[in-house]
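Trainee: Hi! Could you walk me through this structure?
Mentor: Happy to, let's look at it together.

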Amino acid sequence: MVEQTARAWADNAVRLIEADARRSADTHLLRFPLAACGAWGARAERSGAALYLKDETTHVTGSLKHRLARSLFLYALCNGWIGEGTTVTEASSGSTAVSEAYFARLLGLDFIAVMPRSTSREKIRLIERQGGVCHFVDRADQVYAEAARLARERGGCYLDQFTNAERATDWRGNNNIAESIFTQLELEEQPVPEWIVVGAGTGGTSATIGRFIRYKRHATKLCVVDPERSAFAPAYLSYRESGFWSPEAFAGGPSRIEGIGRPRVEPSFVPGVVNRMISVPDAGSIAAARWASQALGRKVGASTGTNLWGALTVLGEMVRAGSRGSVVTLIADNGDRYLDTYFDDAWVAEQGVELEPHRQALRHFFAEGSWPG
(Lines give C-alpha, C1' and ligand atoms only; values in the text may rest on other atoms or scores of the structure.)
Protein backbone atom coordinates (compact mmCIF):
# COMPACT_ATOMS: atom_id res chain seq x y z
CA MET A 1 0.00 0.00 0.00
CA VAL A 2 2.84 2.41 0.85
CA GLU A 3 4.52 1.66 -2.47
CA GLN A 4 1.25 2.22 -4.34
CA THR A 5 0.75 5.55 -2.58
CA ALA A 6 4.31 6.65 -3.42
CA ARG A 7 3.86 5.66 -7.05
CA ALA A 8 0.54 7.50 -7.24
CA TRP A 9 2.22 10.66 -5.90
CA ALA A 10 5.05 10.37 -8.47
CA ASP A 11 2.58 9.74 -11.30
CA ASN A 12 0.66 12.86 -10.36
CA ALA A 13 3.89 14.86 -10.08
CA VAL A 14 4.84 13.90 -13.65
CA ARG A 15 1.33 14.83 -14.79
CA LEU A 16 1.61 18.25 -13.13
CA ILE A 17 4.90 19.01 -14.86
CA GLU A 18 3.64 17.80 -18.24
CA ALA A 19 0.44 19.82 -17.82
CA ASP A 20 2.53 22.89 -17.03
CA ALA A 21 4.49 22.32 -20.26
CA ARG A 22 1.26 21.99 -22.28
CA ARG A 23 0.10 25.36 -20.94
CA SER A 24 3.36 26.99 -22.05
CA ALA A 25 3.95 28.37 -25.53
CA ASP A 26 7.28 27.95 -27.31
CA THR A 27 9.82 30.76 -27.04
CA HIS A 28 10.24 33.27 -29.86
CA LEU A 29 12.98 33.24 -32.48
CA LEU A 30 13.77 36.88 -33.27
CA ARG A 31 15.63 38.22 -36.30
CA PHE A 32 18.19 40.70 -35.04
CA PRO A 33 18.15 44.13 -36.79
CA LEU A 34 21.71 44.09 -38.17
CA ALA A 35 20.97 46.91 -40.62
CA ALA A 36 20.00 49.26 -37.80
CA CYS A 37 23.38 48.86 -36.09
CA GLY A 38 25.72 50.25 -38.74
CA ALA A 39 26.84 50.31 -42.35
CA TRP A 40 28.41 46.87 -42.19
CA GLY A 41 25.21 45.40 -40.74
CA ALA A 42 23.22 46.78 -43.66
CA ARG A 43 25.71 45.34 -46.17
CA ALA A 44 25.67 42.00 -44.37
CA GLU A 45 21.89 41.74 -44.56
CA ARG A 46 21.92 42.64 -48.26
CA SER A 47 24.47 39.88 -48.84
CA GLY A 48 22.13 37.31 -47.30
CA ALA A 49 23.51 37.15 -43.76
CA ALA A 50 21.12 36.94 -40.82
CA LEU A 51 21.42 36.78 -37.05
CA TYR A 52 18.64 35.14 -35.02
CA LEU A 53 18.10 35.24 -31.27
CA LYS A 54 16.19 32.45 -29.52
CA ASP A 55 14.46 34.41 -26.76
CA GLU A 56 14.41 32.16 -23.71
CA THR A 57 13.22 34.97 -21.42
CA THR A 58 9.62 34.22 -22.39
CA HIS A 59 9.54 31.08 -20.24
CA VAL A 60 7.39 31.52 -17.14
CA THR A 61 10.54 31.66 -14.96
CA GLY A 62 12.30 33.97 -17.39
CA SER A 63 15.35 32.08 -18.62
CA LEU A 64 16.84 29.28 -20.66
CA LYS A 65 17.14 27.26 -17.44
CA HIS A 66 13.38 26.63 -17.35
CA ARG A 67 13.86 23.87 -19.93
CA LEU A 68 16.66 22.31 -17.88
CA ALA A 69 14.75 22.49 -14.60
CA ARG A 70 11.74 20.73 -16.13
CA SER A 71 13.97 17.98 -17.53
CA LEU A 72 15.85 17.53 -14.26
CA PHE A 73 12.67 17.15 -12.23
CA LEU A 74 11.22 14.62 -14.69
CA TYR A 75 14.54 12.74 -14.70
CA ALA A 76 14.64 12.59 -10.90
CA LEU A 77 10.98 11.59 -10.62
CA CYS A 78 11.29 8.81 -13.20
CA ASN A 79 14.47 7.56 -11.49
CA GLY A 80 12.61 7.33 -8.18
CA TRP A 81 14.83 9.96 -6.51
CA ILE A 82 11.98 12.33 -5.59
CA GLY A 83 8.89 11.43 -3.62
CA GLU A 84 6.29 13.17 -1.53
CA GLY A 85 8.04 15.35 1.05
CA THR A 86 11.51 15.10 -0.52
CA THR A 87 13.74 18.14 0.02
CA VAL A 88 15.35 19.13 -3.28
CA THR A 89 18.75 20.85 -3.38
CA GLU A 90 20.81 22.34 -6.18
CA ALA A 91 24.16 24.01 -6.76
CA SER A 92 23.31 27.09 -8.80
CA SER A 93 24.46 30.62 -9.49
CA GLY A 94 20.89 31.75 -9.91
CA SER A 95 18.71 31.15 -12.97
CA THR A 96 18.55 27.35 -12.67
CA ALA A 97 17.56 27.75 -9.05
CA VAL A 98 14.77 30.19 -9.94
CA SER A 99 13.30 27.65 -12.35
CA GLU A 100 13.80 24.67 -10.02
CA ALA A 101 12.16 26.55 -7.16
CA TYR A 102 9.15 27.03 -9.44
CA PHE A 103 8.83 23.30 -10.13
CA ALA A 104 9.44 22.38 -6.49
CA ARG A 105 6.60 24.66 -5.43
CA LEU A 106 4.40 23.15 -8.18
CA LEU A 107 4.94 19.74 -6.52
CA GLY A 108 4.72 21.02 -2.93
CA LEU A 109 8.38 20.29 -2.14
CA ASP A 110 11.00 22.21 -0.16
CA PHE A 111 13.85 23.58 -2.26
CA ILE A 112 17.30 24.81 -1.22
CA ALA A 113 19.62 26.60 -3.65
CA VAL A 114 23.33 26.64 -2.78
CA MET A 115 25.11 29.59 -4.37
CA PRO A 116 28.05 31.98 -3.99
CA ARG A 117 27.45 35.07 -1.89
CA SER A 118 28.21 37.14 -4.99
CA THR A 119 24.98 36.04 -6.71
CA SER A 120 22.90 39.05 -7.78
CA ARG A 121 20.34 40.25 -5.24
CA GLU A 122 17.61 40.18 -7.88
CA LYS A 123 18.14 36.45 -8.53
CA ILE A 124 18.04 35.76 -4.80
CA ARG A 125 14.77 37.63 -4.59
CA LEU A 126 13.32 35.65 -7.51
CA ILE A 127 14.28 32.32 -5.91
CA GLU A 128 12.68 33.33 -2.64
CA ARG A 129 9.59 34.58 -4.45
CA GLN A 130 9.17 31.06 -5.87
CA GLY A 131 9.35 29.63 -2.34
CA GLY A 132 12.99 28.53 -2.43
CA VAL A 133 15.59 28.98 0.31
CA CYS A 134 19.04 30.40 -0.54
CA HIS A 135 22.07 28.88 1.18
CA PHE A 136 25.33 30.75 0.64
CA VAL A 137 28.96 29.68 0.37
CA ASP A 138 32.05 31.83 0.07
CA ARG A 139 33.54 30.34 -3.10
CA ALA A 140 31.99 29.09 -6.33
CA ASP A 141 33.81 25.75 -6.09
CA GLN A 142 32.11 24.99 -2.75
CA VAL A 143 28.57 24.79 -4.13
CA TYR A 144 28.73 21.15 -5.28
CA ALA A 145 29.76 19.51 -2.01
CA GLU A 146 27.49 21.73 0.07
CA ALA A 147 24.39 20.98 -2.03
CA ALA A 148 25.15 17.25 -1.78
CA ARG A 149 25.71 17.53 1.99
CA LEU A 150 22.39 19.29 2.56
CA ALA A 151 20.57 16.62 0.53
CA ARG A 152 22.18 13.81 2.57
CA GLU A 153 21.44 15.58 5.83
CA ARG A 154 17.74 15.87 4.96
CA GLY A 155 17.34 12.58 3.13
CA GLY A 156 16.66 14.62 0.04
CA CYS A 157 17.61 14.79 -3.63
CA TYR A 158 20.52 16.77 -5.05
CA LEU A 159 19.47 17.41 -8.66
CA ASP A 160 23.10 18.11 -9.70
CA GLN A 161 22.52 20.07 -12.89
CA PHE A 162 26.21 19.99 -13.77
CA THR A 163 26.28 16.20 -14.00
CA ASN A 164 22.73 15.46 -15.14
CA ALA A 165 22.01 18.23 -17.66
CA GLU A 166 23.16 16.20 -20.68
CA ARG A 167 21.46 13.05 -19.37
CA ALA A 168 18.10 14.52 -18.46
CA THR A 169 17.31 16.19 -21.80
CA ASP A 170 16.03 14.14 -24.72
CA TRP A 171 18.46 15.35 -27.42
CA ARG A 172 16.65 13.52 -30.23
CA GLY A 173 13.66 15.83 -30.04
CA ASN A 174 10.61 16.01 -27.76
CA ASN A 175 10.50 19.80 -28.20
CA ASN A 176 14.01 20.42 -26.92
CA ILE A 177 15.66 23.74 -27.76
CA ALA A 178 17.45 22.36 -30.84
CA GLU A 179 14.29 20.93 -32.39
CA SER A 180 12.51 24.21 -31.63
CA ILE A 181 15.19 26.29 -33.39
CA PHE A 182 15.17 24.21 -36.57
CA THR A 183 11.36 24.05 -36.67
CA GLN A 184 11.10 27.83 -36.35
CA LEU A 185 13.64 28.34 -39.15
CA GLU A 186 11.84 26.09 -41.65
CA LEU A 187 10.25 28.95 -43.63
CA GLU A 188 13.27 31.26 -43.55
CA GLU A 189 15.47 31.90 -46.58
CA GLN A 190 18.22 29.82 -44.97
CA PRO A 191 16.38 27.19 -42.89
CA VAL A 192 19.60 25.46 -41.80
CA PRO A 193 21.93 27.89 -39.99
CA GLU A 194 25.66 27.94 -40.63
CA TRP A 195 26.38 28.27 -36.91
CA ILE A 196 24.61 27.99 -33.58
CA VAL A 197 26.42 29.80 -30.75
CA VAL A 198 25.75 29.00 -27.07
CA GLY A 199 27.50 29.40 -23.73
CA ALA A 200 29.23 26.53 -21.96
CA GLY A 201 27.32 26.74 -18.66
CA THR A 202 26.48 23.25 -17.46
CA GLY A 203 27.34 21.84 -20.87
CA GLY A 204 23.78 20.58 -21.29
CA THR A 205 22.61 23.03 -23.95
CA SER A 206 25.64 22.53 -26.18
CA ALA A 207 25.37 18.74 -25.75
CA THR A 208 21.69 18.77 -26.72
CA ILE A 209 22.17 21.01 -29.75
CA GLY A 210 25.35 19.30 -30.94
CA ARG A 211 23.82 15.83 -30.71
CA PHE A 212 20.61 16.94 -32.44
CA ILE A 213 22.60 18.47 -35.32
CA ARG A 214 24.39 15.17 -35.86
CA TYR A 215 21.23 13.09 -35.40
CA LYS A 216 19.40 15.12 -38.07
CA ARG A 217 22.53 15.24 -40.28
CA HIS A 218 22.50 19.01 -40.56
CA ALA A 219 25.57 20.85 -41.84
CA THR A 220 25.30 23.38 -39.00
CA LYS A 221 28.40 23.92 -36.88
CA LEU A 222 28.31 24.49 -33.11
CA CYS A 223 30.35 27.24 -31.44
CA VAL A 224 30.56 27.41 -27.65
CA VAL A 225 31.53 30.69 -25.98
CA ASP A 226 33.20 30.88 -22.59
CA PRO A 227 34.02 33.88 -20.38
CA GLU A 228 37.51 34.63 -19.15
CA ARG A 229 38.81 32.62 -16.17
CA SER A 230 36.40 29.75 -16.94
CA ALA A 231 37.86 26.24 -17.19
CA PHE A 232 36.08 25.10 -20.36
CA ALA A 233 38.00 26.94 -23.08
CA PRO A 234 41.55 25.90 -22.10
CA ALA A 235 40.42 22.29 -21.61
CA TYR A 236 38.78 22.25 -25.04
CA LEU A 237 41.84 23.82 -26.71
CA SER A 238 44.03 21.11 -25.19
CA TYR A 239 41.58 18.46 -26.41
CA ARG A 240 41.67 19.78 -29.98
CA GLU A 241 45.46 19.93 -29.97
CA SER A 242 46.17 16.59 -28.29
CA GLY A 243 43.10 14.46 -28.98
CA PHE A 244 42.85 13.59 -25.29
CA TRP A 245 40.04 14.80 -23.06
CA SER A 246 41.41 15.48 -19.58
CA PRO A 247 39.05 18.02 -17.99
CA GLU A 248 40.31 17.38 -14.46
CA ALA A 249 43.66 18.94 -15.47
CA PHE A 250 42.07 22.38 -15.88
CA ALA A 251 40.76 24.67 -13.17
CA GLY A 252 39.19 28.07 -13.59
CA GLY A 253 38.60 30.96 -11.26
CA PRO A 254 35.41 32.67 -10.12
CA SER A 255 33.51 34.05 -13.09
CA ARG A 256 31.91 37.47 -13.25
CA ILE A 257 29.45 36.20 -15.88
CA GLU A 258 26.72 34.39 -13.98
CA GLY A 259 25.42 31.15 -15.42
CA ILE A 260 28.16 30.21 -17.88
CA GLY A 261 31.68 30.61 -16.45
CA ARG A 262 32.72 27.67 -14.25
CA PRO A 263 35.68 26.90 -11.94
CA ARG A 264 35.82 23.35 -13.33
CA VAL A 265 34.86 21.56 -16.54
CA GLU A 266 31.43 20.16 -15.77
CA PRO A 267 30.61 16.47 -16.44
CA SER A 268 27.76 17.41 -18.80
CA PHE A 269 30.09 19.11 -21.30
CA VAL A 270 30.56 16.93 -24.41
CA PRO A 271 33.57 18.25 -26.38
CA GLY A 272 33.13 15.92 -29.35
CA VAL A 273 30.02 17.73 -30.60
CA VAL A 274 31.63 21.19 -30.46
CA ASN A 275 33.29 22.61 -33.59
CA ARG A 276 34.82 25.69 -32.00
CA MET A 277 35.18 27.55 -28.73
CA ILE A 278 35.66 31.30 -28.33
CA SER A 279 36.90 32.82 -25.09
CA VAL A 280 35.20 36.18 -24.52
CA PRO A 281 36.58 38.89 -22.21
CA ASP A 282 34.22 39.85 -19.41
CA ALA A 283 34.31 43.47 -20.52
CA GLY A 284 33.20 42.32 -23.97
CA SER A 285 30.32 40.31 -22.50
CA ILE A 286 29.07 43.26 -20.44
CA ALA A 287 29.57 45.81 -23.22
CA ALA A 288 27.73 43.56 -25.70
CA ALA A 289 24.87 43.04 -23.22
CA ARG A 290 24.47 46.80 -22.82
CA TRP A 291 24.76 47.37 -26.57
CA ALA A 292 22.19 44.66 -27.37
CA SER A 293 19.85 46.04 -24.70
CA GLN A 294 19.82 49.38 -26.52
CA ALA A 295 19.35 47.73 -29.92
CA LEU A 296 16.48 45.53 -28.69
CA GLY A 297 14.84 48.12 -26.44
CA ARG A 298 15.02 45.86 -23.37
CA LYS A 299 17.75 44.60 -21.09
CA VAL A 300 19.51 41.26 -21.58
CA GLY A 301 21.98 39.55 -19.25
CA ALA A 302 25.75 39.37 -19.61
CA SER A 303 25.70 35.72 -20.72
CA THR A 304 23.64 36.93 -23.69
CA GLY A 305 26.41 39.46 -24.29
CA THR A 306 28.91 36.58 -24.34
CA ASN A 307 26.72 34.73 -26.83
CA LEU A 308 26.47 37.79 -29.07
CA TRP A 309 30.21 38.45 -29.03
CA GLY A 310 30.77 34.92 -30.35
CA ALA A 311 27.87 35.11 -32.82
CA LEU A 312 29.16 38.37 -34.30
CA THR A 313 32.63 36.86 -34.61
CA VAL A 314 31.49 33.91 -36.74
CA LEU A 315 29.00 36.06 -38.67
CA GLY A 316 31.73 38.53 -39.58
CA GLU A 317 33.97 35.70 -40.76
CA MET A 318 31.16 34.29 -42.89
CA VAL A 319 30.46 37.60 -44.62
CA ARG A 320 34.16 38.26 -45.28
CA ALA A 321 34.40 34.80 -46.86
CA GLY A 322 31.44 35.59 -49.12
CA SER A 323 29.16 33.02 -47.49
CA ARG A 324 25.41 33.52 -47.31
CA GLY A 325 23.70 32.08 -44.27
CA SER A 326 22.50 32.60 -40.76
CA VAL A 327 23.78 32.40 -37.21
CA VAL A 328 21.57 31.58 -34.23
CA THR A 329 22.29 32.37 -30.60
CA LEU A 330 20.30 32.74 -27.38
CA ILE A 331 18.89 35.46 -25.18
CA ALA A 332 19.50 33.46 -22.03
CA ASP A 333 17.82 35.63 -19.42
CA ASN A 334 16.44 39.08 -18.65
CA GLY A 335 18.87 41.88 -17.89
CA ASP A 336 16.58 43.24 -15.18
CA ARG A 337 18.08 40.53 -12.97
CA TYR A 338 21.41 42.40 -13.09
CA LEU A 339 20.53 46.02 -12.45
CA ASP A 340 22.83 46.03 -9.42
CA THR A 341 25.74 44.40 -11.29
CA TYR A 342 26.25 44.51 -15.07
CA PHE A 343 24.11 47.62 -15.54
CA ASP A 344 25.54 49.43 -12.51
CA ASP A 345 28.56 51.57 -13.43
CA ALA A 346 29.80 51.56 -9.84
CA TRP A 347 29.79 47.76 -9.68
CA VAL A 348 31.59 47.51 -13.02
CA ALA A 349 34.25 49.93 -11.79
CA GLU A 350 34.69 47.97 -8.55
CA GLN A 351 35.36 44.86 -10.65
CA GLY A 352 38.15 46.66 -12.47
CA VAL A 353 36.36 46.21 -15.80
CA GLU A 354 36.98 48.84 -18.48
CA LEU A 355 34.07 48.89 -20.91
CA GLU A 356 35.03 51.70 -23.28
CA PRO A 357 37.58 49.76 -25.39
CA HIS A 358 34.98 47.06 -25.94
CA ARG A 359 32.29 49.58 -26.79
CA GLN A 360 34.71 50.93 -29.39
CA ALA A 361 35.31 47.39 -30.62
CA LEU A 362 31.57 46.94 -31.16
CA ARG A 363 31.35 50.24 -33.05
CA HIS A 364 34.30 49.18 -35.19
CA PHE A 365 32.70 45.80 -35.84
CA PHE A 366 29.50 47.32 -37.20
CA ALA A 367 31.51 49.70 -39.34
CA GLU A 368 34.00 47.14 -40.71
CA GLY A 369 32.64 43.65 -39.88
CA SER A 370 35.64 42.58 -37.81
CA TRP A 371 37.11 43.19 -34.38
CA PRO A 372 39.93 45.79 -34.27
CA GLY A 373 43.43 44.35 -34.29
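Trainee: How many bridges join strand S2 to strand S10?
Mentor: In this predicted model, 7 bridges join S2 (residues 49-55) to S10 (residues 325-331), and the two strands run parallel. For a spot to look at, find Leu-53, which stands opposite Thr-329 in S10.

Trainee: And which helix packs on the sheet there, touching S1, S2, S7 and S10?
Mentor: That is helix H8 (residues 177-184), and its direction makes about 135° with that of S2. Helix H12 (residues 302-320) packs on the sheet too, touching S2, S7, S8, S9 and S10. The direction of H12 makes about 175° with that of S10.

Trainee: What's the strand order in that open sheet?
Mentor: The order is S1-S2-S10-S7-S8-S9, 6 strands with mixed pairing. Strands S1 (28-31) and S9 (276-280) stand at the edges with a single partner strand each, so one side of each has no neighbour in the sheet. From one strand to the next, the twist averages 25°.

Trainee: Switching topic: what about the open sheet of 4 strands?
Mentor: Its order is S5-S4-S3-S6, and the pairing is parallel. S5 (133-137) and S6 (157-158) are the edge strands, each pairing on one side only. Strand S3 (residues 88-91) is joined to strand S4 (residues 111-116) by 4 bridges, and Val-88 has Phe-111 as its bridge partner in S4.

Trainee: Which helix lies across S3 and S4?
Mentor: Helix H4 (residues 95-106) does, running at about 175° to S4.

Trainee: Now Lys-65. What does the UniProt annotation say about it?
Mentor: The unreviewed UniProt entry annotates Lys-65 as "modified residue: N6-(pyridoxal phosphate)lysine". In the model, Lys-65 is found in helix H3 (residues 65-78).

Trainee: Is Lys-65 buried or exposed?
Mentor: Buried, because its relative accessibility is 13% and the cut-off for buried is under 20%. Leaving out residues up to four places away in sequence, Lys-65 touches Ser-95, Thr-96, Ser-99, Gln-161, Thr-202 and Gly-259.

Trainee: Where do the nonpolar side chains go?
Mentor: In soluble globular proteins, nonpolar side chains tend to be buried together. Here, the largest nonpolar core has 44 residues, and Leu-51, Ile-286, Trp-291, Leu-315, Val-327 and Tyr-342 have the most contacts inside it. H12 gives the largest share of this core, 8 residues. There is also a second, separate core of 29 residues, which includes Ala-50, Ile-177, Phe-232 and Ala-235.

Trainee: How many aromatic pairs are there in the whole structure?
Mentor: A search finds 19. One of them is Phe-32 with Trp-291, a tilted pair at 5.6 Å centre to centre with 45° between the planes.

Trainee: Why does that pair tie together parts that are apart in sequence?
Mentor: Because Phe-32 lies in the loop between S1 and helix H2 (39-46), while Trp-291 lies in helix H11 (residues 282-296), the pair joins parts 259 residues apart in sequence. Phe-32 and Trp-291 are both buried. They also belong to one aromatic cluster with Trp-40, Trp-309, Phe-365, Phe-366 and Trp-371.

Trainee: And how are Tyr-236 and Tyr-239 arranged?
Mentor: Their ring centres are 6.1 Å apart and their planes are at 45°, so that pair is tilted. Both lie in helix H10 (residues 232-242), 3 residues apart, which is about one turn of the helix. Tyr-236 is buried, with a relative accessible area of 4%, whereas Tyr-239 counts as partly exposed at 21% relative accessibility.

Terms used. Residues are numbered from 1 along each chain as its sequence is written. This is a predicted model: local features need pLDDT of at least 70, side-chain atom pairs count only at pLDDT 80 or more; totals for chains, interfaces and linings use all residues. Side-chain values use heavy atoms; hydrogens and water are left out. Two strands pair if DSSP finds at least two bridges between them. Axes are lines fitted to C-alpha atoms, for helices over the stretch in contact, and angles run from 0 to 180 degrees between N-to-C directions. Contact means heavy atoms within 4.5 Å. UniProt positions are given in the numbering used here, feature names are shortened, and annotations may be inferred rather than shown by experiment. Buried means under 20% relative accessible area, exposed over 50%, partly exposed in between (1.4 Å probe, protein chains only). A nonpolar core is a set of buried Ala, Val, Leu, Ile, Met, Phe, Trp, Tyr and Cys residues joined through side-chain atoms within 4.5 Å. Rings of Phe, Tyr and Trp (its six-membered ring) pair if their centres lie within 6.5 Å; planes under 30 degrees apart count as stacked, over 60 as edge-to-face and the rest as tilted.
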